[in-house]
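Subject: Structure handover

Hello,

Here is the structure for you to look through. My notes on it follow below.

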Amino acid sequence: SGENDLSSKFGAELKKKMSEGKPVLLVDRSSQAYTNLPAKLPLLPGGRINNSALSAIAEESGIQAVGVYSAVELSTEEKYFEVLNLSKTRWFLKAFFTFSFYDTETSSKLCDFYVEEKIKISKEDYDVFSKPENITEAAISELLTQASANMSEKALEALSRISWKGFVKDVNGKKIRLSSGKEVHLKTGDELDIFSPGQPFEGKD
């Protein structure tokens, strides 16, 4: 559908903005499938995503945080302003965006946004865009870039407040396989503290 396509494009912009640093998993709220997850997202009876189950899956994969996003209701708006007794009209392209961000270790919500973002357009574009199928890709891209920049900045700020952590996938003799590595800038020679529930491992390289 058109809204699913809008949400997918919004997710692509978010991924560009959040591609550096700690690994995060971004999931389209409207999607029923995702390549890094089981065939279907873990859903609650009412249809909402089971955030705790999703976080558990992401933790197993070495993901620091899970972000669930959506973009809906792309439309135009005509607005009148009174400035120093002068009437002005402005025209906008707008949509509603949501972005919830969860720490995988605790399943706690790091931040939660539900906002209306809008960009200015001309009267000519407003008339053309009155039919949704006539809204240009350039205008949509500008709106998505603005929305993703605003939300990713706040999400990355929240993410910076939690320490990086990985998870031990298996142990073979003195070798330990972690859930993530070079994608979080780990390199040969780095030293890590490894803990089991309650006590540190000993004698592991």
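Ser70 is in contact (heavy atoms within 4.5 Å) with Ser7, Phe10, Arg29, Phe96, Phe97 and Thr98, leaving out residues up to four places away in sequence. Ser70 sits in strand E2; helices (H or I, at least four residues) and strands (E, at least two) are DSSP runs, numbered from the N terminus. With a relative accessible area of 10%, Ser70 is buried. Here buried means under 20% relative accessible area, exposed over 50%, and partly exposed in between (1.4 Å probe, protein chains only). The Ser70 side chain also makes a polar contact of 2.5 Å with the side chain of Thr98. A polar contact is a pair of N or O atoms within 3.5 Å; within protein, one must be able to donate a hydrogen and the other to accept it, and residues adjacent in sequence count only if both atoms are side-chain atoms.

Before the rest, the ground rules. This is a predicted model, in which local features need pLDDT of at least 70 and side-chain atom pairs count only at pLDDT 80 or more, while totals for chains, interfaces and linings use all residues. Residues are numbered from 1 along each chain as its sequence is written, and side-chain values use heavy atoms, with hydrogens and water left out.

Overall layout. The protein has four helices and eight strands. Their order along the sequence is α-β-α-β-β-β-α-α-β-β-β-β. Of the 205 residues, 35% are buried. Among contacts with a separation of 6 or more, 61% are between residues 24 or more positions apart.

The core. A nonpolar core is a set of buried Ala, Val, Leu, Ile, Met, Phe, Trp, Tyr and Cys residues joined through side-chain atoms within 4.5 Å. The largest one has 32 residues, and Phe10, Val24, Leu26, Leu93, Phe97, Phe99 and Phe101 touch the most other members. At least two residues each come from helix H1 (2-17), strand E1 (24-28), E2, E3, strand E4 (109-121) and helix H4 (137-159). H4 gives the largest share, nine residues. A second, separate core has eight residues, including Val27, Leu54, Ile63 and Val66.

Glu77 is also in strand E2. Glu77 is buried, at 17% relative accessible area. Its side chain makes a polar contact of 2.6 Å with that of Lys118.

Salt bridges. The structure holds ten, each a side-chain nitrogen of Lys or Arg within 4 Å of a carboxyl oxygen of Asp or Glu. Lys9 takes part in a bridge with Asp5 (3.3 Å, N to O). Those two are four residues apart in helix H1, so about one helical turn separates them. Lys9 also bridges to Glu137 (2.8 Å, N to O). That pair links distant parts of the chain, H1 and H4, 128 residues apart. Lys9 is partly exposed at 25%, whereas Glu137 is exposed at 51%. In helix H3 (residues 123-128), Asp127 and Lys123 are four residues apart; their side chains form a salt bridge (2.9 Å, N to O).

One last item is on the surface. Leu84 is exposed, at 78% relative accessibility. Leu84 lies in the loop between strand E2 (65-83) and strand E3 (86-103).

Best wishes
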